[in-house]
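User: I would like to learn how to read a few features of a protein model. Please take them one at a time, with the general idea before the case.

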Amino acid sequence: GETIEDIGSALKTIYKRSQGLSEFVSAYRNLTLIPKPKFKIFSIDELFSRVEQLMESKLKEHGIRLSWSVDPKTLELTADPGLIEQVLINIFLNAIDALTEKENPRIDLTAGLNDSGRIFIEVKDNGKGIVKEALDNIFIPFFTTKKKGSGIGLSLSRQIMKLHRGAISVQSSTKKGTAFTLKF
């Protein structure tokens, strides 16, 4: 009887370990198989509208208010809309996680031109922020502070921005929230 219990326990351990390895391989594959961007000109206003539609149920589920603005309203971007949408979704998912148990949770999405005339997109939340020790590592593949995170979302986002000859940066305060900025 004890031997059967030991075998059962060993099989459960092997099963869990193989699941973990399978998830790792899948995450690694996603990180290394980023498609080559298919550049086209599109409206940032339309991009924000699509992201809002895609994230609407998650935002409602968590009681998060989303506001977004584009200045000028006719601002257009030359990029791969699907890949940039994926970057925004990755950032939104992190923001939603950071806003758990926050009173009056909010995400502000803005786009415009910086002082150099380059397009930027900013995703800002009023969540719990990122601790300084983790801030230096958040773009490293497989680094995560989440119990259920794979640690590839922000790393993937950085790779996508590099493919667009752009950059992604972050500013965070554990008292005020986090702001991710995409610069094109």
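User: Is Lys 60 buried or exposed?

Analyst: The model is a predicted one. Lys 60 counts as exposed, at 64% relative accessibility; the cut-off for that class is over 50%.

User: Which residue forms a salt bridge with Lys 60?

Analyst: Side chains of opposite charge can pair when their charged atoms come close. Here the partner is Glu 56, and the closest N and O atoms are 3.6 Å apart. Glu 56 is partly exposed, with 40% relative accessibility.

User: How are Glu 56 and Lys 60 placed in helix α2?

Analyst: An α-helix has 3.6 residues a turn, so residues three or four places apart point the same way. Glu 56 and Lys 60 are 4 residues apart in helix α2, so about one helical turn separates them.

User: How many salt bridges does a search of the whole structure find?

Analyst: The search gives 4 salt bridges. One of them joins the side chains of Lys 73 and Asp 45, at 3.0 Å from N to O. Asp 45 belongs to helix α2, whereas Lys 73 is in the loop between β2 (65-70) and β3 (76-79), so this pair ties together parts that are 28 residues apart in sequence. Lys 73 is exposed, with a relative accessible area of 54%, while Asp 45 is buried at 18%. Another salt bridge is formed by Arg 106 and Asp 108, with the closest N and O atoms 2.9 Å apart. Arg 106 is partly exposed at 28% relative accessibility, and Asp 108 is buried at 18%.

User: Where do the axes of helix α2 and helix α3 come, and at what angle do they cross?

Analyst: Two packed helices are described by the angle between their axes and the distance between the axes. For α2 (residues 44-61) and α3 (residues 81-98), the axes come within 10 Å and cross at roughly 35°. The crossing is right-handed. Residues making the contact include Leu 47, Phe 48, Val 51 and Leu 54 of α2, and Ile 84, Leu 88, Phe 92 and Ile 96 of α3.

User: Which residues form a nonpolar patch on the surface?

Analyst: Ile 7, Leu 11 and Ile 14 do, with about 310 Å² of accessible area together. Ile 7 is in helix α1 (residues 2-32). A residue needs over 30% relative accessible area to join a patch; Ile 7, partly exposed, has 46%.

User: Which residues of helix α5 are buried?

Analyst: In α5 (residues 153-163), the buried residues are Leu 154, Ser 155, Leu 156, Ser 157, Ile 160 and Met 161. Arg 165 follows α5 and has a positive phi, near 55°.

Notes. Residues are numbered from 1 along each chain as its sequence is written. This is a predicted model: local features need pLDDT of at least 70, side-chain atom pairs count only at pLDDT 80 or more; totals for chains, interfaces and linings use all residues. Side-chain values use heavy atoms; hydrogens and water are left out. Patches are made of residues with over 30% relative accessible area and no salt bridge: like charges are joined within 9 Å, nonpolar side chains (Val, Leu, Ile, Met, Phe, Trp, Tyr) within 5 Å. Accessible areas come from the Shrake-Rupley method with a 1.4 Å probe; for residues, only the protein chains shown count as cover. Helices (H or I, at least four residues) and strands (E, at least two) are DSSP runs, numbered from the N terminus. Buried means under 20% relative accessible area, exposed over 50%, partly exposed in between (1.4 Å probe, protein chains only). Axes are lines fitted to C-alpha atoms, for helices over the stretch in contact, and angles run from 0 to 180 degrees between N-to-C directions. A crossing is left-handed if the near helix is turned anticlockwise from the far one by less than a right angle, and right-handed if clockwise. Contact means heavy atoms within 4.5 Å.
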